[in-house]
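Open the model in your viewer and keep the sequence panel beside it. The tour goes from one selection to the next and says what is there.

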Amino acid sequence: MTHKGRIVSAVALTTLCLGLTACNDGEDSAAQESPSASAPASSDPAASDPSSESPSADPGDDAPAGGDVTAPGTKLKIGDRAVVPFKYGTDKKGTIAVTVTAIEKGTEADMAPFGEKAKGMTPYYIRMKVENVGGTDLAYSSLRLRGNLAGGGPTGVILIGDLPGKCDSESAPRDFTAKGASYETCSLSATKTDPIAVASFEEGDAYSDSPVLWTS
């Protein structure tokens, strides 16, 4: 799945957003602004699916059993597997396993599809494998991890979209409905300051306060 690219940038001590969405980093409110350019878009098999909304994790009692769930706040290494409850849209929920396989540094030139507002930004590609652990219907769902700085702090930049050929954000396939089904995807992050060295799962109330973290 390839999304039209947008940039949201949160800057310390000020509220500044670049892109079409509000900026939530640090709980600041933000203005909205049209980007000067967008990343290429392509057809999305989930676009016509009524459940195609932002995913969230819900560690409540109604999450189907699929093995031990990784506790909020767990710190892992690249290559480790986390099992987390997962909710997508209004009617898809289950248990998934996420394995971050790499955090790769790109080049500033890779950010060209995002236009002038991406100048000075270095992209990082968070590559992962996603497995259906609970065996529920999670077809066409999608998952995004956030990149953080080495100390765990936010990058100050939120990207919406991907870079085709560099970091493709894939939706779960149609047959992602059975226990053991899996697919691979990539989450795009960027920074203007220190390197990104941490991948963060922070969907759902429990994990938003205490995310699962993968470091190299």
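**The disulfide**

In this predicted model, a search of the whole structure finds one disulfide. Select C167 and C186, which it joins with an S to S distance of 1.9 Å. Look along the S-S bond: the torsion there is about -100°, so the disulfide is left-handed. Now show the strands around the pair. C167 lies in the loop between β8 (157-160) and β9 (182-191), while C186 is in strand β9, so the link ties together parts that are 19 residues apart in sequence.

Are the two cysteines buried or exposed? C167 has a relative accessible area of 0% and is buried. C186 also counts as buried, at 2% relative accessibility.

**The sheet**

Next, select strands β3, β11, β10 and β7. These four strands form an open sheet, and they are ordered β3-β11-β10-β7 with mixed pairing. At the edges are β3 (75-77) and β7 (146-149), each of which pairs on one side only. From one strand to the next, the twist averages 35°.

Stay with strand β10, residues 196-201, and look at the side where β7 lies. The two strands run antiparallel and are joined by four bridges. Two residue pairs can be picked out here. R146 stands opposite S200 in β10, and G147 has A199 as its bridge partner in β10.

Then turn to strand β11, residues 212-215. The pairing of β10 with β11 is antiparallel and has four bridges.

How many of the six residues of β10 are buried? The count is five, and the strand is mostly covered.

**Two loop positions**

Select A139, which is found in the loop between β6 and β7. A139 has a relative accessible area of 5%, so this residue is buried.

Move on to D110, in the loop between β5 (92-105) and β6 (122-132). The relative accessible area of D110 is 14%; the limit for buried is under 20%, so D110 is buried. Which residues does D110 touch, not counting those up to four places away in sequence? They are P123, Y125, L163 and K166.

**Where to read with care**

Finally, colour the chain by pLDDT. The average for the protein chain is 78, and 69% of the residues score at least 70. Select residues 8-38, where the pLDDT is below 50; beyond near neighbours in sequence, this stretch has 64 contacts in the model. Then select residues 40-66. Here too the pLDDT stays under 50, and the model has 61 contacts beyond four places in sequence for this stretch. Where pLDDT is low, the predicted coordinates should not be read in detail.

Technical notes: Residues numbered from 1 in each chain as written. Predicted model: local features only at pLDDT ≥ 70, side-chain atom pairs only at ≥ 80, totals over all residues. Heavy atoms only, no water. Pairing = 2+ DSSP bridges. Axes fitted to C-alpha atoms, helices over the stretch in contact; angles between N-to-C directions. Disulfide = S-S within 2.5 Å. Buried < 20%, exposed > 50% of the residue type's maximum accessible area, 1.4 Å probe, protein only. Contact = heavy atoms within 4.5 Å. pLDDT = per-residue confidence, 0-100.
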